[in-house]
Amino acid sequence: MTQVLVLGGTGWLSGRIARRWRDAGAHVTCLARGGRPVPEGTVLLRGDRDDPAVYDRPGEQHWDEIVDISSRARHVREAVAALGDSTAHWTYVSSMSAYSDDTTVGLDESGRLHEPAQEGDEYEYGAEKVAAEQAVGSLGERAFIVRPGLIVGEGDPSDRFGYWAAAFDRAGSDPVLVPALAGRYTQVIDVDDVADLLVRGSRHGIVNAIGDARPLVDVLSRIRSATDHTGELLEASDEWLRGHDVDYWMGERSLPLWLPADMPGFARRDNAAYKASGGRLTPIDETIRRVLQDERARGLDRERRAGLTRTEEQELIGQLVRADADPAED
């Protein structure tokens, strides 16, 4: 039986990876602190990656596959040093944020990366991912490095994609505030497609795991249609939104999926290697359907890690409408 060690296994993505390996017939061990349950049918090995002895027990056996998604380069380096000789294959889930070039459209896996993080550096996500990639890359042909873009799907803790399903659904026939849409793109991948690649794909080299680039207006229109929203799409310029303390991309008081105009390449990466590796792409409308169902189940007006509350959105809409009616007022 295939022996798989997932470093984690209790989070949104790592839990799906563990389940997918389990469903493929593997014996799956999840090395985690144990604050959350591991998937049914897998084994929890308790351990904290800040503990120097955390890899003693897993280092006692051979693994056919080790999977790591950590964004802490030190954790990845230490894991590779301790377990690299104990595994036939190592998969590391990195990120598109490893690239330092956000302007080139169609960037493939050869794109320029950030300088890798060094010990003592202030934490920076992209640089940490690059340093972690280097550690895993030292395993040569046994290493598989996956660089996902924006991962979406039901249960997404970041709330970036799900925000729009909730925003349109809760608005009904009222307006929804959106960024200026002309020339804007978005590029997402279903979380189940990422997990599937890590188990069933060719699993070698470096792969941008991302869906096809789509105009943002098309994706929002598809989400809007799924919710039966009949209100207006009220567009606001970048300058107006930033002037009213609305942030890009993620976080509180933001418009998710909205990117600065000087980042045209961020949501238009090349995914040819992903497809060649056997990566599948769930139809976007199917992902939207499942995300909307999940948002309704979790609560449209719940507290979120990204987006605007409906109250914030309505206040901004009121200000924007008044500004359009009387430019001197804003």
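Trainee: By class, how many nonpolar, polar and charged residues does the lining of the largest pocket have?

Mentor: This is a predicted model, and the lining of its largest pocket has 20 nonpolar, 19 polar and 10 charged residues.

Trainee: How does one find such a space, and what volume lies in the largest pocket?

Mentor: Rolling a probe the size of a water molecule over the atoms shows where empty space is left. In the present case, the largest pocket holds about 1,500 Å³ of space. Its lining comprises 49 residues, of which L13, I69, S71, Y125 and K129 are the closest to the centre.

Trainee: Which helices and strands each supply at least two residues of that lining?

Mentor: They are α1 (12-23), β2 (27-32), α3 (125-137) and β7 (150-152). The largest share comes from α1, with 3 residues.

Trainee: What is the volume of the second largest pocket, and how do its lining residues divide by class?

Mentor: The second largest pocket has a volume of about 220 Å³. Among the 14 residues of its lining, R302, E303, R304, L308 and T309 are the closest to the centre. By class, the lining of the second largest pocket divides into 3 nonpolar, 2 polar and 9 charged residues.

Trainee: Let us turn to helix packing. At what angle do α2 and α3 pack?

Mentor: For a pair of helices, one reads the angle and the distance between the axes. Helix α2 (residues 73-83) packs against α3 at about 5°, and their axes are 8 Å apart. Angles under 35 degrees count as roughly parallel, and α2 and α3 are therefore roughly parallel to each other.

Trainee: Which residues of α2 and α3 meet?

Mentor: On the α2 side they are A73, V76, R77 and V80, and these meet E128, A131, A132, A135 and V136 in α3. This contact of α2 with α3 has 7 nonpolar and 2 charged residues, and no polar ones.

Trainee: At roughly what angle do the axes of α6 and helix α9 cross?

Mentor: The axes of α6 and helix α9 (residues 284-298) cross at roughly 55° and come within 10 Å. This makes α6 oblique to α9. In passing α9, α6 makes a right-handed crossing. The contact is formed by V219, R222, I223, A226 and T227 of α6, together with I284, D285, I288, L292 and R296 of α9. By class, the residues of the contact of α6 with α9 divide into 6 nonpolar, 1 polar and 3 charged.

Conventions: Residues numbered from 1 in each chain as written. Predicted model: local features only at pLDDT ≥ 70, side-chain atom pairs only at ≥ 80, totals over all residues. Heavy atoms only, no water. 1 Å grid on protein atoms, 1.4 Å probe; cavity = no way out; pocket = protein on both sides within 12 Å on 5 of 7 lines; lining within 4 Å. Points joined across faces, edges and corners; volume = space filled by probe spheres on them. Helix = DSSP H or I, 4+ residues; strand = E, 2+ residues; numbered from the N terminus. Nonpolar A, V, L, I, M, F, W, Y, C, P; charged D, E, K, R; others polar. Axes fitted to C-alpha atoms, helices over the stretch in contact; angles between N-to-C directions. Parallel < 35°, antiparallel > 145°, perpendicular 65-115°, else oblique. Left-handed = near helix turned anticlockwise from the far one by under 90°. Contact = heavy atoms within 4.5 Å.
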